[in-house]
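Please keep the sequence and the structure in view while reading.

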Amino acid sequence: SQKIEQNSEALNIQEGKTATLTCNYTNYSPAYLQWYRQDPGRGPVFLLLIRENEKEKRKERLKVTFDTTLKQSLFHITASQPADSATYLCALLINQAGTALIFGKGTTLSVSS
Amino acid sequence: GAVVSQHPSWVICKSGTSVKIECRSLDFQATTMFWYRQFPKQSLMLMATSNEGSKATYEQGVEKDKFLINHASLTLSTLTVTSAHPEDSSFYICSARLAGANNEQFFGPGTRLTVL
């Protein structure tokens, strides 16, 4: 069956450290993989998109890698801050025709000062 | 950036009543909007894809007669939960797709529905 798994429900780190979140999928061939941030009681906010032919994408303190052989994406937040505390969701876009996103359950990151 | 709004942000209703949720793209036209449902500590689950001017496409297991979707204009889609029951209590989120190279989706802030 098709699955998207994010490595852990919760991740706790100290301020200033790098947070690394993992997204694994099986039985999909995604055109894109996206990462979203979701705060409690709010809708997801788009962070980064990486295409199947891209290995890495960066945006400020964020970095995403995509390994289609391993069927895995890693999401890094460097120099983490308490304001980065939120739930981070990975999502797959299966085809470019506009099929909706398939989401993982998310990893809740807590950054302590 | 593109903004999507939802109304209401929360609603409490009695069992058996119907509730309408609106999703609007405020500064762009969206030919396609999506409706998701999210239970606590769960992922967003796609309910249906709404295309302007045509019938919505529902995901397996979602009752189209219970969750009525209307996408009458390029900036508005509505979801009506008919004869709501307590098990319909959830967080309902819409998104609108911005046509382009990335087909980026923008999400609304969500609507918390509580059915008593």
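What is the handedness of the disulfide of Cys23(A) and Cys90(A)? The torsion about its S-S bond is about 60 degrees, so this disulfide is right-handed. The model under discussion is a predicted one.

## Disulfides

Over all chains, the search of the whole structure finds two disulfides. In chain A, Cys23(A) is joined to Cys90(A), with an S to S distance of 2.0 Å. This pair links distant parts of the chain, since Cys23(A) belongs to strand 3 (residues 19-26) and Cys90(A) to strand 9 (residues 86-93), 67 residues apart. Cys23(A) and Cys90(A) are buried.

In chain B, the sulfur atoms of Cys23(B) and Cys94(B) are 2.0 Å apart and form a disulfide. With 80 degrees about the S-S bond, this link is right-handed. Cys23(B) is found in strand 3 (residues 19-25) of chain B and Cys94(B) in strand 9 (residues 90-97) of chain B, so the pair links parts of the chain 71 residues apart. Both cysteines, Cys23(B) and Cys94(B), are buried.

Cys13(B) counts as buried, at 10% relative accessibility.

## Aromatic pairs

The structure holds 11 aromatic pairs over all chains. One of them is formed by Trp35(A) and Phe75(A): the ring centres are 4.8 Å apart and the planes stand at 20 degrees, so the pair is stacked. Because Trp35(A) lies in strand 4 (residues 32-38) of chain A and Phe75(A) in strand 8 (residues 72-77) of chain A, the pair ties together parts 40 residues apart in sequence. Trp35(A) is buried at 0% relative accessibility, and Phe75(A) is buried with a relative accessible area of 0%.

Tyr36(B) and Phe107(B) form a tilted pair, because their ring centres are 5.6 Å apart and their planes are at 45 degrees. Tyr36(B) and Phe107(B) are buried.

## Charge over a ring and a surface patch

In chain B, the charged end of Lys66(B) sits over the ring of Phe67(B), 5.9 Å from the ring centre.

A nonpolar patch on the surface is formed by Trp10(B), Ile12(B) and Leu116(B), which together have about 380 Å² of accessible area. Of these residues, Ile12(B) is placed in strand 2 (residues 10-13) of chain B.

How values were computed
Residues are numbered from 1 along each chain as its sequence is written. Chains are lettered from A and ligands numbered from 1 in the order in which they are written. This is a predicted model: local features need pLDDT of at least 70, side-chain atom pairs count only at pLDDT 80 or more; totals for chains, interfaces and linings use all residues. Side-chain values use heavy atoms; hydrogens and water are left out. Rings of Phe, Tyr and Trp (its six-membered ring) pair if their centres lie within 6.5 Å; planes under 30 degrees apart count as stacked, over 60 as edge-to-face and the rest as tilted. Helices (H or I, at least four residues) and strands (E, at least two) are DSSP runs, numbered from the N terminus. Buried means under 20% relative accessible area, exposed over 50%, partly exposed in between (1.4 Å probe, protein chains only). A charge sits over a ring if NZ of Lys or CZ of Arg is within 6 Å of the ring centre and within 35 degrees of the ring normal. Patches are made of residues with over 30% relative accessible area and no salt bridge: like charges are joined within 9 Å, nonpolar side chains (Val, Leu, Ile, Met, Phe, Trp, Tyr) within 5 Å. Accessible areas come from the Shrake-Rupley method with a 1.4 Å probe; for residues, only the protein chains shown count as cover. A salt bridge is a side-chain nitrogen of Lys or Arg within 4 Å of a carboxyl oxygen of Asp or Glu. A disulfide is a pair of cysteine sulfur atoms within 2.5 Å.
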